[in-house]
Amino acid sequence: MLKIASLKLDNPLVCAPLAGVTNLPFRLMAKRHGAALVCSEMISSNGLIRYQKKTMELMASKEEERPLSIQIFGSDPGVLADSARIVAEHGADIVDINFGCSVKKVLKGGAGSALMADLPRAEKILKEVRKAISLPFTIKMRSGWDASGDEAMALGRIAQDAGVDAVALHPRTAKQGFSGHSDWSQIKRLKQELTIPVIGNGDVTKPEHVLEMMEQTGCDGVMIGRAVLYAPWIFRQALCLLENRPMEEIDLDDRKKALFDYLDDTMDYLGEEHGCRVMRSRLAWFVKGLPNAAKFRGEITRIASKEQARDLIEEFFRSIEKRREEAPAASD
């Protein structure tokens, strides 16, 4: 179990915020597959204080996905404090601030990883937001602008002193993006520096990596990001290992159900026309490594209705079953 301030989570597994990805349908999928905590995609604090329609829609939620962490970004302490209040009013269970994004547009505005190079401003932000809300308050950061990790350690100490309740660390530099390897030793170092919970993130691509990260670093929780794009069931499988049970095998029925549920939730959330545009690329995520996946990827780029998408999914899995049934006969 992972405890963040007064919030007790069922397990130590967290679905990472992913820009443009972790909307309500995706978070529901992660939750159903075992994530104890799900996070919204990064939301602009400037958009929130202006109550911009598209920005506010990013906070759409359902009781089923709770507890929910909503991540905001920005560089102005007052604006971030006001946006944190808005997030709290809209029913979030945790307010999170992004200190890790290294996209040029975000950096240009002085937000994300740019704040790790301006620790006095970062400290002011943390103190202002802490005064503004009583909810559990977390931050997500990278190791900083060089490989030493010193900026992450400094920001971690500042955050703890400012009343932040937990810190997530992705130990790659801002310059690395997703290249190279994350340095898990920095997670261990941060855990030794702080008394508040530390959540590790980075290069967790298999269920076994959850145990390895926790054993190597002593972290309190593990945040999983890009691996969920292809295998949302990674949470279920990791839970088996954490509970010392045999790891579940994910069969075709599991995969097909994941596709159908994600399709249905997306259509409900976005509407059929917009939902189809989104599903033309995303349905392909969950068939990686399966026979005829390339053919399926090509076919779904043309879907124009929910019914058509469902038919293509059914046909795809039926073709795999047929291929498996014929394989023994072909080898006799």
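Modeller: Glu 63 is exposed, with a relative accessible area of 60%. Here exposed means over 50% relative accessible area, buried under 20%, and partly exposed in between, with a 1.4 Å probe and protein chains only. The model is predicted, so local features need pLDDT of at least 70 and side-chain atom pairs count only at pLDDT 80 or more, while totals for chains, interfaces and linings use all residues. Residues are numbered from 1 along each chain as its sequence is written, and side-chain values use heavy atoms, with hydrogens and water left out.

The partner of Glu 63 is Arg 66: their side chains meet in a salt bridge at 3.7 Å, N to O. A salt bridge is a side-chain nitrogen of Lys or Arg within 4 Å of a carboxyl oxygen of Asp or Glu. Arg 66 is partly exposed, at 34% relative accessibility. The structure holds 25 salt bridges.

Next come two pairs within helices. Helices are DSSP runs of H or I with at least four residues, strands are runs of E with at least two, and both are numbered from the N terminus. Lys 53 and Glu 57 both lie in helix α3 (residues 53-57). Their side chains form a salt bridge of 2.5 Å, N to O. The two residues are 4 apart, about one turn of the helix. An α-helix has 3.6 residues a turn, so residues three or four places apart point the same way. Lys 53 is exposed at 62%, and Glu 57 is partly exposed at 37%.

Helix α13 (residues 293-300) holds Lys 295 and Glu 299, again 4 residues apart and about one helical turn from each other. Their salt bridge is 3.1 Å, N to O. Lys 295 counts as exposed, at 56% relative accessibility. Glu 299 is partly exposed, with 23%. Elsewhere, salt bridges with shared partners link Arg 32, Glu 64 and Asp 265 into one network.

Now helix α1 (residues 24-32). It is mostly covered, with 8 of its 9 residues buried. Contact means heavy atoms within 4.5 Å. After α1 comes Gly 34, with a positive phi near 115 degrees.

Ile 49 sits in helix α2 (residues 45-49). It is partly exposed, at 31%. Leaving out residues up to four places away in sequence, Ile 49 touches Val 79, Asp 82, Ser 83 and Ile 86. Asp 82 is 33 residues away along the chain, yet the two C-alpha atoms are separated by 6.7 Å.

Last, a helix pair. Helices α8 (residues 184-193) and α9 (residues 207-217) pack at about 50 degrees, their axes 8 Å apart. They are therefore oblique to each other. In α8, Trp 184, Ile 187, Lys 188 and Lys 191 make the contact. They meet His 209, Glu 212, Met 213, Gln 216 and Thr 217 in α9. These residues divide into 3 nonpolar, 3 polar and 3 charged. Nonpolar covers Ala, Val, Leu, Ile, Met, Phe, Trp, Tyr, Cys and Pro; charged covers Asp, Glu, Lys and Arg; the others, Gly among them, are polar. On angles, under 35 degrees is roughly parallel, over 145 roughly antiparallel, 65 to 115 roughly perpendicular, and the rest oblique. Axes are lines fitted to C-alpha atoms, for helices over the stretch in contact, and angles run from 0 to 180 degrees between N-to-C directions.
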